[in-house]
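The numbered points below may be read alongside the sequence and the coordinates.

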Number of protein chains: 2
Amino acid sequence: MKAYREMSREELLSRKDELEKQFEDAKGKGLKLDMSRGKPGLEQLDMTMDIMDVLDSKADMRCEEGVDTRNYGLMDGISEAKHLMSDMMGGIPAENVIVYGNSSLSIMYDTVSRCVTHGVLGSTPWCKLDKVKFLCPAPGYDRHFSITELFGIEMITIPMTPEGPDMDLVEKYVSEDPAVKGIWCVPKYSNPQGITYSDETVRRFAALKPAAEDFRIFWDNAYSIHDLYEEQEDIPEILSECEKAGNPDMVYEFSSLSKVTFSGAGIAAFAASRKNVEETKKFMAVMTIGYDKINQLRHVRYFKNVEGLKAHMRKHAAILRPKFEAVLGVLDKELGGLGIGEWTRPRGGYFISFEAMEGCAKAIVAKCKEAGVVMTGAGATFPYGKDPKDSNIRIAPTFPNSEELAAAADLFVLCVKLVSVEKLLAEC
Amino acid sequence: MKAYREMSREELLSRKDELEKQFEDAKGKGLKLDMSRGKPGLEQLDMTMDIMDVLDSKADMRCEEGVDTRNYGLMDGISEAKHLMSDMMGGIPAENVIVYGNSSLSIMYDTVSRCVTHGVLGSTPWCKLDKVKFLCPAPGYDRHFSITELFGIEMITIPMTPEGPDMDLVEKYVSEDPAVKGIWCVPKYSNPQGITYSDETVRRFAALKPAAEDFRIFWDNAYSIHDLYEEQEDIPEILSECEKAGNPDMVYEFSSLSKVTFSGAGIAAFAASRKNVEETKKFMAVMTIGYDKINQLRHVRYFKNVEGLKAHMRKHAAILRPKFEAVLGVLDKELGGLGIGEWTRPRGGYFISFEAMEGCAKAIVAKCKEAGVVMTGAGATFPYGKDPKDSNIRIAPTFPNSEELAAAADLFVLCVKLVSVEKLLAEC
């Protein structure tokens, strides 16, 4: 393949003509696909349907502690669900875990909101401070950034490296600026790049020396068991690392089964030091009469233990791996050697991250939409929705079936080529 | 029966002796009962178990709109759940309703929290104001008061009348003081007195002329279908009343099925004007990926419509009515004519409210505890947990079985008598 940058103006013009014709054909197909969010596909959902039979009208609805899950009580979750979630998070003691309802995002929102209104372990509420800042490794998860933006928290972009966030920068900000109160992290198979933090990165996180006593790492361990391959990437368990480093209270960890059973109908968990957990429970006692313990029981009876969870996730992998590989195959085949884009090859998680030529992402996403394929909005992976290079695009290959996925991938590479040619022509 | 106040010191002393002996006997029985919270009883929960069969592994999991409830989407609830909840709230248009997760208390907390951090429809966030006040009709629901207390909102007690809160006072505070931003209401079968607001009271609420543009009525319609008798008490639908009175945005309504199916595993709803609902959705889009739609579907498929709900609640009434009547029977028989207490005779809801002689409530609750029966803490029904007269006690007769209930009621009246005698002797 000849790299586009090496083409003459004439070659580019002729390429443009061909691509435009192909694009008109593609538009004619009337595609209507949504690749904007990391949604499980139908096959994954169908595979899990037997969870619906686990609790029927004959079931014993008492949990291990003997409490009736159909009535009030056990605000912080049933014991067996705490154990399941703590094992899933790498063997945290169950007493450091609170099991919530259906959404880890809600826990993160609540946690930030509480820091804003009431502070952290007795510190000044963030709403009383002139300035509060969060570090935002980017590209990252748009919904994290939406939470901090909503509360008027200043977001500072931290570049991602293949080992995780740029830790030199993180250490500098955290140790020097007391207005820096938090950092958003997806440590395993990060959204959207699929990067797993190196052991060194995790340990540098645990050893941070924050200028602010109320600095917290928001550790969104969303994909802890979402491996695509038998050979998995693993991260050190952050709570014990923080404790070893003398920072036991510095991390809030979040986890969820939304992409394990049913999206939005799973269970979610929070883990932290004893002190943080006690503080959280104090607020929970005002916020709620407790979460849905029946759904917690349903999940534990279905999976039994973390081995059951992992066996289930191997079935997910068997469904998802071909989807990731199909998209990567099209990218390799169609864009390899053209010098107009780079992409990640994740070994887990829900996304592939694509780096277009600078200034092309928005135009590519718009082109895709024009022909019926909705991608995540360009820029969404950066704070304030602004990608300074306008180059990152998040690809979510999990939801479409294989036929749709092939059509979408073909369209995507076509749009990348077309926008890139236009860009190069404009530069000539 | 001779009223205690008319007894001589000698009569009281002899009465005290008898009662103390009876109390020692009661302690010897080793009771262990919790009457502190409004929890459904086992029979109610068992009666509902067939809801667990409604969605099994063969079920069609798509809602009316064709959306798969097992995946993300429909943040504000599935359409049929909106209709069910809107009908339950008295025929509100479904577009004015948002269906949430398992807890209406959480919705109230979130709503207050959002007013604190972001204000109401563009007004100044309450956290930026020097003083925010809430009116608290009392005796009232302790968990309401806990929310406003947590946010440092000054609570002003409003006396209850048989028609609802003292509306002269409410109107005065709301129209004169711009720091008054809200009022907590349980309009039907109020917690704990079981008072249903009169039509006149509801209309005076709707016609309030608040000094603060961001004043909101927090209308916790918790017991809208929780009637004990065929002949029900009803209230005018507040949203349309507010609209008629030119105050369409002045009310937030809350509702839940926690005491219809399973406590903490039902579904909850929020209703308000279009403007309020739009604002709420804007924040929800940051807070969550949506609530548990499968549980929403389970509830709608089980009840089908509001008639199904009402039929179900008649079965609850058949279980609960004898419990209420048993307690009332013991109160009538044992305390009638003694002049040491008054009690309500609710036609619905979850509580009976008892007014002891001034200064006796804490002592009565302590005595009950000493003999193994835990009541709601005295004072809990007032802001800051402080009953100025120390006289109100909330009785929750729903959870114990009939045998336990009889034992608990006997103990309760015994403790009332004993504490009252001691009080009168101290005054002699």
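1. How close do the axes of helix α12 (residues 361-370) of chain A and helix α13 (residues 402-427) of chain A come, and at what angle do they cross? The axes come within 9 Å and cross at roughly 130°. That makes α12(A) oblique to α13(A); angles under 35 degrees count as roughly parallel, over 145 as roughly antiparallel, 65 to 115 as roughly perpendicular and the rest as oblique. Axes are lines fitted to C-alpha atoms, for helices over the stretch in contact, with angles from 0 to 180 degrees between N-to-C directions.

2. On the α12(A) side, the contact (heavy atoms within 4.5 Å) involves A:Ala363, A:Ile364, A:Lys367 and A:Cys368. On the α13(A) side, the residues are A:Leu411, A:Phe412, A:Cys415, A:Val416, A:Leu418 and A:Val419. Nine of the contact residues are nonpolar, none is polar and one is charged.

3. The model is predicted; local features need pLDDT of at least 70 and side-chain atom pairs count only at pLDDT 80 or more, while totals for chains, interfaces and linings use all residues. Residues are numbered from 1 along each chain as its sequence is written, chains are lettered from A and ligands numbered from 1 in the order written, and side-chain values use heavy atoms, leaving out hydrogens and water. For chain A the mean pLDDT (the predictor's confidence in each residue, from 0 to 100) is 97, and 100% of its residues reach 70 or more. The predictor gives the complex an ipTM of 0.96 and a pTM of 0.97.

4. Helix α4 (residues 104-118) and helix α9 (residues 274-287) of chain A pack at about 95°, with their axes 12 Å apart. They are therefore roughly perpendicular to each other. A:Asp110, A:Arg114 and A:His118 of α4(A) meet A:Glu279, A:Thr280, A:Phe283 and A:Met287 of α9(A). This contact divides into two nonpolar, two polar and three charged residues.

5. Over all chains there are 58 salt bridges, each a side-chain nitrogen of Lys or Arg within 4 Å of a carboxyl oxygen of Asp or Glu. One of them joins A:Lys16 and A:Glu20 (3.3 Å, N to O). These two residues are separated by about one helical turn, because they lie four residues apart in helix α1 (residues 9-28) of chain A.

6. The peptide bond between A:Asn191 and A:Pro192 is cis, with omega about 10°. A:Pro192 lies in the loop between β6 (180-185) and α7 (199-206) of chain A. In chain B, the bond from B:Asn191 to B:Pro192 is cis, with omega near 5°.

Notes:
Nonpolar A, V, L, I, M, F, W, Y, C, P; charged D, E, K, R; others polar.
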